[in-house]
Amino acid sequence: MKKVQYVTLQQIPSVAKAVAKNLKGGEIFALIGSLGSGKTTFVQALGRELKIRKKITSPTFILLQAFPFQSKAKKEVWLYHLDLYRTKNFREVKTLGLLEVWGKPDTVTLIEWADKIKKYLPKKSIIIKFL
Ligand SMILES: Nc1ncnc2c1ncn2[C@@H]1O[C@H](COP(=O)(O)OP(=O)(O)OP(=O)(O)O)[C@@H](O)[C@H]1O
Ligand SMILES: [Mg+2]
């Protein structure tokens, strides 16, 4: 997958399907786009593809939610969903323990409003811009 992807609301279901199919574990997705552009919708669509039954909502007030799912290799992988909209600084993000988990092979991390921590994002992050 390219480092920067541009996705419209209409493309979300097919992109989520393609992402789910190609997940290896350890991916970090930086979801960037204005209010209502589709960031949460994308995480929900990916959750459906990964057969996560729990309802994925916007974690705006609690910042981070984690959902386990089974990888194709039948391993337990955790989907981490963050929403940094209300985050003031990177210290707050560190407090969540994100640095200890993102990029690990048994995690897939999706970060709404990741532009807020752009300079701290690992190089391998995949940036998805919602149009
Ligand atoms: N295929 C579609 N066609 C039209 N509208 C859609 C489609 N899919 C989702 N939507 C709507 O688009 C909006 C996207 O909202 P969403 O919560 O995903 O945005 P967001 O980028 O997460 O916003 P925020 O910055 O507030 O977190 C919702 O109102 C949703 O119902
Ligand atoms: Mg959202």
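Buried means under 20% relative accessible area, exposed means over 50%, and partly exposed is anything in between, worked out with a 1.4 Å probe on protein chains only. Keep that handy, because T40, at 17% relative accessibility, counts as buried.

A quick word on the model. It is predicted, so local features need pLDDT of at least 70 and side-chain atom pairs count only at pLDDT 80 or more, while totals for chains, interfaces and linings use all residues. Residues are numbered from 1 along each chain as its sequence is written, chains are lettered from A and ligands numbered from 1 in the order in which they are written, and side-chain values use heavy atoms, with hydrogens and water left out.

**The magnesium ion**

Which residues hold ligand 2, the magnesium ion? T40 (through OG1) and E112 (through OE) coordinate it, at 2.0 to 2.1 Å. Donors here are N, O and S atoms within 2.8 Å of the metal (3.2 Å for Na, K and Ca), and since water is not among the atoms, sites may look incomplete. T40 belongs to helix 2 (residues 39-49) and E112 to strand 5 (residues 107-112), so this pair links parts of the chain 72 residues apart. Helices (H or I, at least four residues) and strands (E, at least two) are DSSP runs, numbered from the N terminus. E112 has 3% relative accessibility, so this residue counts as buried.

T57 sits in the loop between helix 2 and strand 3 (64-70). With 32% relative accessibility, T57 counts as partly exposed. Contact means heavy atoms within 4.5 Å. Setting aside neighbours within four places in sequence, T57 touches T40, Q44, Q65 and H81. From T57 to K75 it's 18 residues in sequence and 24 Å in space, C-alpha to C-alpha.

**Aromatic pairs**

Searching the whole structure turns up three aromatic pairs. Rings of Phe, Tyr and Trp (its six-membered ring) pair if their centres lie within 6.5 Å; planes under 30 degrees apart count as stacked, over 60 as edge-to-face and the rest as tilted. Two of the pairs look like this:

| Pair | Centre to centre | Angle between planes | Type |
|---|---|---|---|
| F42 and F130 | 5.8 Å | 55° | tilted |
| F90 and Y120 | 3.7 Å | 5° | stacked |

F42 is in helix 2 and F130 in strand 6 (residues 126-130), so their pair ties together parts 88 residues apart in sequence. Both F42 and F130 are buried. F90 is in helix 3 (residues 90-95), while Y120 is in the loop between strand 5 and strand 6, 30 residues apart. F90 counts as buried at 12% relative accessibility, whereas Y120 counts as partly exposed at 36%.

**Two helices packing**

Helix 1 (residues 12-22) packs against helix 2 at an angle of about 50°, with axes 9 Å apart. Axes are lines fitted to C-alpha atoms, for helices over the stretch in contact, and angles run from 0 to 180 degrees between N-to-C directions. Helix 1 and helix 2 are therefore oblique to each other.

**Two positive phi values**

Most residues other than glycine have a negative phi. K74 has phi near 65°, and W113 has phi near 60°. K74 is in the loop between strand 3 and strand 4 (76-83), and W113 is in the loop between strand 5 and strand 6. K74 counts as exposed at 62% relative accessibility, but W113 counts as buried at 16%.

Definitions and conventions
Parallel < 35°, antiparallel > 145°, perpendicular 65-115°, else oblique.
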